[in-house]
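This report goes through one structure, part by part. Please look over the sequence and the model before reading on.

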Amino acid sequence: MINLSYRFEQDSASLQIAGMPDVSNGDSEDTIGILSSWTLKIIGSPLLEGEKEHLDNLMEVILQYSRSYVSGIKQTFISNKKFVIISPFGISHKLLLNSTQQGVKPLEIILDDSELSDLTRCLDLLRYDPRFNIRWDFNQEKPFSKKYVLNSVSNPKNNSNFFYALIIFIITSALFIFIPTNNKFEIRETTNNSNLLLEKSD
Amino acid sequence: MKKPNSVATQNEHANNASKFQEYTAENAFVNCVIAHDTPRKLDFLILVIETLQINATDSLLTKAKDIGLSNHFSCRVQFWKMRCANPLRKNYTFTCLSAEQIDSLVVLISLMSENLYPLIRQLLSSKESKSLNDERWSLFTTRLKSLIRERMNIKRSYIATLLSEDNNEFFRELLVILSLSRGEAGANRLKASLYYQS
């Protein structure tokens, strides 16, 4: 049995994948078709390890979060089986990992932007690597709908602009109401005209 | 028992997609329209690249020539015309970018961000000393703001706000976008953010 192990390194993250070729699927000697284990080292955090299912969950959440960030959307993502949760945390990002083992507390890792980028790159390298013949649960990057982007992007300036516009409109309208109209001029005009008409008729 | 243990380098396998990635980006962009802020986003990303590297335009044009994108990047003027599709520029040309132009710019931005990643990472990292980080950010924002002042329409409220703000949130966001746009997957990610699904 051939045991293979490949490592993907980015400055602060190192992902090691171990597995073997799936001979029944026609994999070559250096292709991993069956993933047996993986380990992820992020500098300053405990070593993470697990099975394919866990890696799928991690990949799904991290890649969705990165994809959304590029579109200007910063929101929480939870994996299908709720093993992994990532959410914005100030200018950093909070990664919460729930263990499948009983009695193990969830692990919380705070990633800064550079660490998020390193981790995303490691996962990108893995899923685009031709030495792996594994189907990942993550879908290809697709554009979001305009409605989704507009609803998700928080832009407090737009709301405040609308609020200011409304106040200005109300004040201006109130001013116009309180400005007195020159009614006398109109009355004199009408009386003059009526006098002229009376004179003419006489 | 054979147990090879090899390290994957950054670019070695980036261009060769695995069997399951054969479903390409082309399928993902069927029935999609270009987002309204695409020219602005691309122009600002290039502006950040110019901030990080002096004479970045020359590097971009050389790279474009190397990878066979010379039609849109034959000279500086053509490149400048493309960037003038950004409505926030002083010399806004009221033109739209074509899908082909967007693809070319995305590829170039992705390549440049790969090269400039060590610098981008220094700015984004919070693990280094605060004084050093502040100094780097000060240099970066000063240069970026001077480029914005030089090229953008400062009468626009958006630009005026960018120049007056001190928290640099938008500039940080641009740097993160650049860092997430590296490699083939990163280019696809950036491209997907420039379109809307219709």
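## Confidence

pLDDT is the predictor's confidence in each residue, on a scale from 0 to 100. The value matters here since this is a predicted model. Over residues 1-23 of chain B, pLDDT stays under 50. For that stretch the model has 40 contacts beyond four places in sequence; two residues are in contact if their C-beta atoms, placed from the backbone, lie within 7 Å.

Chain B has a mean pLDDT of 87, and 87% of its residues reach 70 or more. Among the elements of this chain, the lowest mean pLDDT, 40, belongs to strand β1 (residues 5-8) of chain B, and the highest, 97, to helix α2 (residues 38-52) of chain B. For the complex, the predictor gives an ipTM of 0.86 and a pTM of 0.83.

## Layout of chain B

Chain B contains 10 helices and three strands. Along the sequence, their order is β-α-β-α-α-α-α-α-α-α-α-α-β.

Of the 198 residues in chain B, 35% count as buried. Among contacts in chain B with a separation of 6 or more, 72% come from residues 24 or more positions apart.

## The nonpolar core

The largest nonpolar core has 75 residues. Those with the most contacts inside this core are A:Ile62, B:Leu45, B:Val48, B:Ile109 and B:Leu175. Helix α1 (residues 52-70) of chain A gives the most to the core, with nine residues.

Leaving aside residues up to four places away in sequence, A:Ile62 touches A:Ile86, A:Leu119, A:Thr120 and A:Leu123.

## Helix α1 of chain A

α1(A) has 19 residues and spans 27 Å from its first C-alpha to its last, close to the 27 Å expected at 1.5 Å a residue. Is this helix enclosed or open? Of its 19 residues, 16 are buried, so α1(A) is largely enclosed by the rest of the structure. Just after α1(A), A:Gly72 takes a positive phi of about 85°.

## A:Arg127

A:Arg127 lies in helix α2 (residues 113-127) of chain A. Why does A:Arg127 count as partly exposed? A residue is buried if 20 or more other C-beta atoms lie within 10 Å of its own, and exposed if 12 or fewer do. A:Arg127 has 18 C-beta neighbours inside 10 Å, and therefore counts as partly exposed.

A:Arg127 and A:Tyr6 are 121 residues apart in sequence. In space, the distance between A:Arg127 and A:Tyr6 is 13 Å, C-alpha to C-alpha.

Note on methods:
Residues numbered from 1 in each chain as written. Chains lettered and ligands numbered in written order. Predicted model: local features only at pLDDT ≥ 70, side-chain atom pairs only at ≥ 80, totals over all residues. Helix = DSSP H or I, 4+ residues; strand = E, 2+ residues; numbered from the N terminus. Core = buried A, V, L, I, M, F, W, Y, C linked by C-beta atoms within 7 Å. Expected span 1.5 Å × (residues − 1).
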